[in-house]
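Colleague: Please take a close look at a single part of this model, and set it in its surroundings before you turn to the rest. Please also state the cut-offs behind each term as you go.

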Amino acid sequence: MEKGAALVIDHVSKSYGPQKALDAVHFTVPKGKVFGLLGPNGAGKTTLLRMLNGITRADAGSIAFFGEQLSRRHLPRIGYLPEERGLYKTMRVGEQALYFAQLRGMKKEDARAKLMHWFEKLEVDGWWNKEVSEVSKGMAQKIQFILAILHEPDLLILDEPLSGFDPINAQRVRSTIQEMSNQGDTTILLSTHDMGSVEEMCDEVALLHQGSLVLNGPVQTLRDEARDGRVQVTFRGTVMQFTVALGASAELLEVTSDAPRPGEHTAMLRLPSATDSSQWIHWISGTVQLTSCTEWQPSMRDVFMQAVNETSKVAS
Amino acid sequence: MKTLKHIIYREWSTRVRRKAFWLGTLLIPALLAGSIGISVWMNSGAEKEAKVLVVDASGLISRFDDRREVWLPTHPDCFPERSKLMYRFAQEAMGDDEFLKSDFDLMVFFDDGILQHSSAKYYYEKAPAMSTERAISNDLASAIERFKVKRDLELDFETYKRLKTSIKLVGEDVVTRDGNATGRALIGFFFSALLFLQIVIYGMHVMRGVIEEKANRIVEVVISVVTPMQLMTGKIIGIGLVGLTQFALLAALGWLIYFAGGRWLEASDLLKATSDASVSLDFESWMATQSGLRFLLDVNWPLMVTAVAVFFVLGYFMYACIFAAIGAAVDQESDAQYYTIPALIPPMLAYLLAASSIENPEGDLSIYGSYFPLTAPIMMMTRIPMGVDGWELLVAIGGIGIMSYLLLLASSRIFRLGILTRGKRFSWKDLWNGLRSRH
């Protein structure tokens, strides 16, 4: 067992008939971090999350939870907000919240006190005695989020936690997740297609595609590794002058005129691998009027697309 | 165990506090009384007015009154004028057109052939009520009988009536000394029907509850906390307790009506007026004097109430397992019909057998039906008021218990398979594969 790991997913496989949902997936989720579980639809994320919640079992491999073999007795230490979520429509909000807290092993009075705190914090107070059928979708989403975190789990699994929220409430929930992460007591496993949230919140990610792990590591490392010598420059003057000045020193990939300001152009270039980028910048600044020059940093969306496309090419 | 307790309490409390539950509980006695009232009304008041022309072509039961110049019955007491049935007589039939233009609803025609065939033909534009047909048939039979007595026996009708004898069989059970087997069979059937309704209604509640959880998409949250087996068991027990609560309320209501009604009757003079006793009677003593009600005192009510509770619990649990699996296998209630029809066949068969066993409550069909697990909860109720041996109860209870356990195992596999599946209707093959899978 790896020390300091909240989860060790050890060569886990699962099939549904002839369909392989997970194929010997192996990665580690470090304790106290926000870990992104990424992948296109049908990659096997939900299958893995269901295994972590004891809903389905692996055909092969094992999962360690804070150094122990994961079993149902660990479930009270896990919080889960599934993508497909709902509430009992004919129950009152407060009564329902207490019910789920008690199912997770909390005492009624403790649960009530904590619920009051979270209801106030996420501005759900005042809805305690309302029936769920009277509550708006966004409000119901907040209640579901509270139900997942209320028992202060060691591992919090969030599957698309921000879907359905307006920007204000999305930010409120995002801040809450980050606060929990900063406190370091809760490991957060975040499954999402929102790459902005991944960049903003995740320390590490694992990318699944067609049931296999295709990428795993810290977000910054993966973005750095995805750099391919591309440089983004902004210049004044004409595109023709810039192209002539560039000559064969770099490959011009793309030019956007009048960006970011009128009279300026932004160009994406790829330098040959042997080129010293700082020397090249020094040289080109003397030739054309540069206003900025930065090495291109791929976003997580770029990293995601690149990895998925490469895997698909290999598979085909 | 605590988790199960919370699930059971939620299932019970969310249903018991609904207005529909209380309305239903109070309406059951009213509906039963209403259905009895409707059947009485249908047998009496519902019949339409009918004006009947009796065409006695051979003049067997009618005569011509010269003074009034009309045909009249020879024996008017055979054709009493009723509020909704009026007779007129003739010797010649009307043609079809004439009949349709007339104000007669029916035209009965016969000649002396009726003496051999005992049948008469009647014509109508709109078919009469069965009770009207029965009344006319009885009146005609009485008039023809009277004619035959006079013609063949040369007796006056009063002497004939005195000589005519019918025998009434009065039975008595040598063990219980009770004689009203039919009354007790009716009580048994009443409870069979009640159990049939409750088992099916609450079984369907379980199915709807599961479908609702799937449709609300709450099920994934729930089964990340509890096992599918715990969820299914908690739901079945919780909803079953709603049924038991309703039984308890109905029993309390029944007892209250019996107690309060009895005291009210004692306070009034109605009991004395309807009995031969010269002194005031309490309600129980009065019932003992009434031949039609005496058997109610002989029924072992504590045993009946206990049996209702036990067989409801067992029967409900057995069928609820099936309905829970059906709920898990479909996305919406309309899809469930595909599976509910086969699931409803055994309880419906049991109900029909129970109804047919009123006439022969101790026949082979009743006895074997009360042992077979799928029909036993409903059919055993028809036999208990007649008296059953302890071993028979044990066979029925044991059989249902074993069947329930097997169904629980089978249903939990289908439940686990279906509960997280959406957008797919399971084929019978899928269900079979689900039964064989371990996880």
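Modeller: In chain A, residues 24 or more positions apart account for 69% of the contacts with a separation of 6 or more, a contact being two residues whose C-beta atoms, placed from the backbone, lie within 7 Å. This is a predicted model, in which local features need pLDDT of at least 70 and side-chain atom pairs count only at pLDDT 80 or more, while totals for chains, interfaces and linings use all residues. Residues are numbered from 1 along each chain as its sequence is written, and chains are lettered from A and ligands numbered from 1 in the order in which they are written.

Chain A has 10 helices and 14 strands, where helices (H or I, at least four residues) and strands (E, at least two) are DSSP runs numbered from the N terminus. Its C-alpha atoms fill a box of roughly 75 × 45 × 35 Å along the principal axes. Of its 316 residues, 36% count as buried; buried is a label for a residue with 20 or more other C-beta atoms within 10 Å of its own, against 12 or fewer for exposed and partly exposed in between, with the C-beta atoms placed from the backbone.

The part I would look at is strand S6 (78–81) of chain A, which is an edge strand, as is strand S10 (212–218), each pairing on one side only. The open sheet they belong to has 6 strands in the order S6-S7-S8-S3-S9-S10 (chain A), with mixed pairing, two strands being paired if DSSP finds at least two bridges between them. From one strand to the next the twist averages 15°.

S6(A) runs parallel to its partner, strand S7 (residues 155–159) of chain A, and 4 bridges join the two. Along this pairing, Gly79(A) faces Leu156(A) in S7(A), and Tyr80(A) stands opposite Ile157(A). Helix H4 (residues 137–149) of chain A packs on this sheet, where it touches both S6 and S7, and its direction makes about 165° with that of S6(A).

In a regular strand the side chains alternate between the two faces of the sheet. In S6(A), Ile78(A) and Tyr80(A) point one way while Gly79(A) and Leu81(A) point the other way, and all of them are buried.

H4(A) in turn packs against helix H2 (residues 93–103) of chain A, at an angle of about 25° and with the axes 10 Å apart; axes are lines fitted to C-alpha atoms, for helices over the stretch in contact, and angles run from 0 to 180 degrees between N-to-C directions. The two helices are therefore roughly parallel, given that angles under 35 degrees count as roughly parallel, over 145 as roughly antiparallel, 65 to 115 as roughly perpendicular and the rest as oblique. H2(A) contributes Val93(A), Ala97(A) and Phe100(A) to the contact, and H4(A) contributes Ile143(A), Ile146(A) and Leu147(A). By class these are 6 nonpolar residues, with no polar and no charged ones; Ala, Val, Leu, Ile, Met, Phe, Trp, Tyr, Cys and Pro count as nonpolar, Asp, Glu, Lys and Arg as charged, and the others, Gly among them, as polar.

The contact between the chains takes 18 residues from chain A and 15 from chain B. On the side of chain A, H2(A) provides the largest share, 3 residues, and that side as a whole has 9 nonpolar, 4 polar and 5 charged residues.

Chain B itself has 18 helices and 6 strands, and 33% of its 439 residues count as buried. There, helix H16 (residues 376–383) and helix H17 (residues 390–418) pack at about 170° with their axes 10 Å apart, and are therefore roughly antiparallel to each other. Ala376(B), Pro377(B) and Met380(B) of H16(B) meet Ala396(B), Gly399(B) and Ile400(B) of H17(B). Of the residues in H16(B), 8 of the 8 are buried, so this helix is largely enclosed by the rest of the structure.
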